[in-house]
Amino acid sequence: MLEWVQLSWLQAMVLAVVQGLTEFLPISSSGHLRIVSELFFGDDAGASFTAVTQIGTELAVVIFFIKDIVRLIGTWFRGLVDAEARRTQDYRLAWYVIVGSIPIGVLGLLFQDYIRGALRSLWVTGAMLIVFGVLLGLAERFGRQQRAQDGLTLRDGVLMGLAQALALIPGVSRSGGTITAGLSLGLTRPTAVRFSFLLAIPAVFAAGLSEIPHVFEGGGPGLQPSGVQMIVATLVAGLVGYACIAWLLRFVEHHSVYLFVWYRIGLGLLVFALLGLGVMQP
């Protein structure tokens with residue numbers, strides 16, 4: 001059983017940068033935080049630290065896509081009373097985001113004890129990095145990649161929402177799961193990535209806000225941050241995350257996702273090796 005350990009400023013900043021770098025890439029931010037905190041700091045930063053720092057990275061998404069978000073929200077509200085607005089793609093897209101956010105919210109509540117406990121095993125993290133890396137590669141190889149944003153459907157929203165829910169398991173990757181589903185459904189890479197970002201906003205904000213009380217529970221397991229450390233770490237994660245959003249959107253316009261596939265498989269195998277050698281504890 002892990003004991004309460006005070007998080008240092010160096011640990012908080014390292015984990016914040018890791019969160020910002022990995023949140024939007026399809027390589028699992030929660031998995032990386034779990035690996036880095038165990039490998040370099042000998043303890044687990046905890047599911048709550050992960051969830052709360054994700055608020056910072058989701059604020060980066062809101063700022064980056066603010067024009068799109070304001071337009072979608074405005075169209076959705078108009079559509080509640082205006083039949084013409086209900087015929088627009090923006091109105092439908094807003095509903096796809098809402099519907100797609102439901103699975104992760106429901107499953108997060110039902111299985112929160114497992115998410116905060118057994119599923120944080122590094123054996124699970126390593127396995128998920130490899131398995132979902134292979135699935136991402138298969139989606140890149142065999143997905144038709146023909147449909148742009150104006151071709152999104154309710155089915156896409158539901159299936160990508162279900163894929164997002166799998167990211168409750170460290171190592172799966174929220175963006176990795178949704179991008180894999182999007183490519184498998186025939187969406188282009190830029191469309192799958194942009195919708196993945198929009199789909200994350202409601203779910204991640206809800207998860208982060210719900211975990212704020214847990215992250216400051218004295219005597220809880222793992223590395224324990226102070227209030228100031230948590231605030232600064234969240235801001236740092238947001239700044240780094242903003243830069244990663246811009247980079248990833250440019251990258252997927254001209255490159256495949258195989259870079260992330262091989263990275264995930266290599267990291268997963270490394271985790272297994274370190275666990276087998278006793279360098280890290282599960």
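Begin by selecting Phe 77, which sits in helix α4; helices here are DSSP runs of H or I with at least four residues, numbered from the N terminus. The model is predicted, so that local features need pLDDT of at least 70 and side-chain atom pairs count only at pLDDT 80 or more, while totals for chains, interfaces and linings use all residues. Residues are numbered from 1 along each chain as its sequence is written, and side-chain values use heavy atoms, without hydrogens and water.

Next, display α4 together with α6. Their axes (lines fitted to C-alpha atoms over the stretch in contact, with angles from 0 to 180 degrees between N-to-C directions) come within 8 Å and cross at roughly 100°. The two helices are therefore roughly perpendicular, a label given to angles of 65 to 115 degrees. Where they touch (heavy atoms within 4.5 Å), α4 contributes Arg 71, Leu 72, Thr 75, Trp 76 and Gly 79, and α6 contributes Asp 90, Tyr 91, Leu 93, Ala 94, Trp 95 and Ile 98.

Finally, select Arg 174 and Glu 23, whose side chains form a salt bridge at 3.7 Å, N to O; the term requires a side-chain nitrogen of Lys or Arg within 4 Å of a carboxyl oxygen of Asp or Glu. Arg 174 belongs to α10 (residues 174-184) and Glu 23 to the loop between α1 (9-22) and α2 (29-41), so the pair links parts 151 residues apart in sequence.

Methods
Parallel < 35°, antiparallel > 145°, perpendicular 65-115°, else oblique.
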